[in-house]
Amino acid sequence: MAIELTINGQAVSLDVEPDMPLLWAIRDLAGLTGTKFGCGKALCGACNVHLDGQVMRSCAIPVSAAAGRKVTTIEGLAADGNHPVQVAWRELNVAQCGYCQSGQIMSAVALLERNPNPSDDDIDAAMSGNICRCGTYTRIRQAIHKAAEDRS
Amino acid sequence: MGGWKNYHTPATVEEAIDVLHGYDGRARVIGGGTDLLVETRRGLRRPYEAMVDVSRIAGLNTISQTDDGIVIGCGVTHTEIVNDERIMRHGQCLAESCSVIGGPQVRNVGTLAGNVAHALPAGDGTIGLLALRGEVEIAGASGRRWVPAKDTFIGPGKSVIDRHREVLTRMRFEPAGNGEGSAFHRVMRPQGLCLPIISMAARLKIDGGSITAASISMGPVGPVPWFAEPAAKALVGGPPSQERFEKAVAIVLANVTLRTSKYRATEEYRSAMIRTYLPLILAAAAERAGAAR
Ligand SMILES: Cc1cc2nc3c(=O)[nH]c(=O)nc-3n(C[C@H](O)[C@H](O)[C@H](O)COP(=O)(O)OP(=O)(O)OC[C@H]3O[C@@H](n4cnc5c(N)ncnc54)[C@H](O)[C@@H]3O)c2cc1C
Ligand code: FES
Ligand code: FES
């Protein structure tokens, strides 16, 4: 079945089974592998993408529910990989193994779009749905503050 | 993801009901899918032939304040409820209960309607809506009817709503008037696929220093979310004092069946949490009632 949606600003038509999770449509069909599979149960946040501007779990959304909507993945934040959040992440060397980080960044970007100057509490609340096995939480918090400062 | 062949996104309630009836029990209503999809994929449910997505029906994506009260459409997400000033002001326990569901990404997708229609014994949003004496509108082939939310639960995961043929279209509750306040609290292990140890909410109306109306809800304390009528009744007719709150606690404990679960909590612990937190929730509701408008 053909499903039309917009991924990172480009209209695409994907030939998929309607019950395929958006995550696998993004990774296997659109070939964008920055979005990761962690748990497949909406628990960890590795698969976070933006759907119509809101951050969501792509592992728990069927591709058919995304029909006609706008998906943004980590690849779509900036053509050159220099979105202010990505820059802050690099400068503070946030990642350890890196597996969770694209999901972390998608949550952080959504937070800063809503709240350009978040407090520690705002950050903890917004990032509470992202698990990092390597425990990079303190650097994530610093990087979000840094991205907020750099942007203002 | 669950083996269904068709995914429908009807634009109206009538269309949704028509599509559902076309499948004669082989289609399932889906809201945000945060419960349903995880369950179907884990094989906890038999596969359906189709999903009927009711989260994008025109007119049911909003919260409004009408003569019938504060009305919440079935497409409204937990995030939208938490950010709504009218709900914060008139049904604070509902905003608080929705704010603890999952993480931000789950709240951006999951709906209150899905929480209530799922009929789990301790759905958080459900507990919040119950204390507000909320009602739900059920639409089916024979029309629409409003039912008190508390009368929709018939067992764990079992609802009077036929989720193959009917849609929970809207929910509503009476806005807080003068001297009314509400509060919610959940005791739980940190985040994860955890069910709460205990979730409780209360709404109080206070007039001239005396409680004139009260409702209490909680779960899991039995097969369905519990609207603790006998305990709430005992609060009415006297001041919002610790002594009176403890009387309500005693009635609650005499009426519930608390379970020991291997991973979560013992019966004793749950009972201690009710003794500790219910008076605090009642006190918070009373304080808000006093501070009200
Ligand atoms: C990681 C994670 C954490 C979670 N944490 C919590 C938590 O802390 N507290 C909590 O209470 N819940 C929690 N949940 C469960 C879930 O997110 C909520 O219950 C949510 O409100 C369900 O809404 P939904 O729109 O996603 O429902 P869906 O999954 O779409 O549907 C749930 C059920 O209701 C039916 N249904 C949905 N909408 C309607 C309708 N309008 N009319 C008729 N039937 C309908 C469906 O057929 C299904 O049986 C969590 C889920 C996940 C994945
Ligand atoms: S893979 Fe989606 S939340 Fe873990
Ligand atoms: S950096 Fe390894 S899981 Fe987060």
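How much area is buried between domain 1 of chain A and domain 2 of chain A, and what percentage of this area do carbon and sulfur atoms give? The answer is about 1,100 Å², with 56% coming from carbon and sulfur atoms; buried area here is the accessible area (1.4 Å probe) that two parts lose on being put together, summed over both. This is a predicted model, in which local features need pLDDT of at least 70, side-chain atom pairs count only at pLDDT 80 or more, and totals for chains, interfaces and linings use all residues. Residues are numbered from 1 along each chain as its sequence is written, and side-chain values use heavy atoms, with hydrogens and water left out.

On the domain 1 side, A:N48, A:H50 and A:I74 lose the most area to domain 2 of chain A, and together they make up 42% of what that side buries.

As for the domains themselves, an automatic or database domain assignment puts domain 1 of chain A at 2-76 and domain 2 at 84-151. Their centres, taken over C-alpha atoms, sit 21 Å apart. Contact (heavy atoms within 4.5 Å) takes in 17 residues from domain 1 of chain A and twelve residues from domain 2 of chain A.

What about polar pairing? Between domain 1 and domain 2 of chain A there are zero salt bridges, a salt bridge being a side-chain nitrogen of Lys or Arg within 4 Å of a carboxyl oxygen of Asp or Glu. By class, the side of domain 1 of chain A that touches domain 2 has seven nonpolar, eight polar and two charged residues, with Ala, Val, Leu, Ile, Met, Phe, Trp, Tyr, Cys and Pro counted as nonpolar, Asp, Glu, Lys and Arg as charged, and the others, Gly among them, as polar.

Notes
Chains lettered and ligands numbered in written order.
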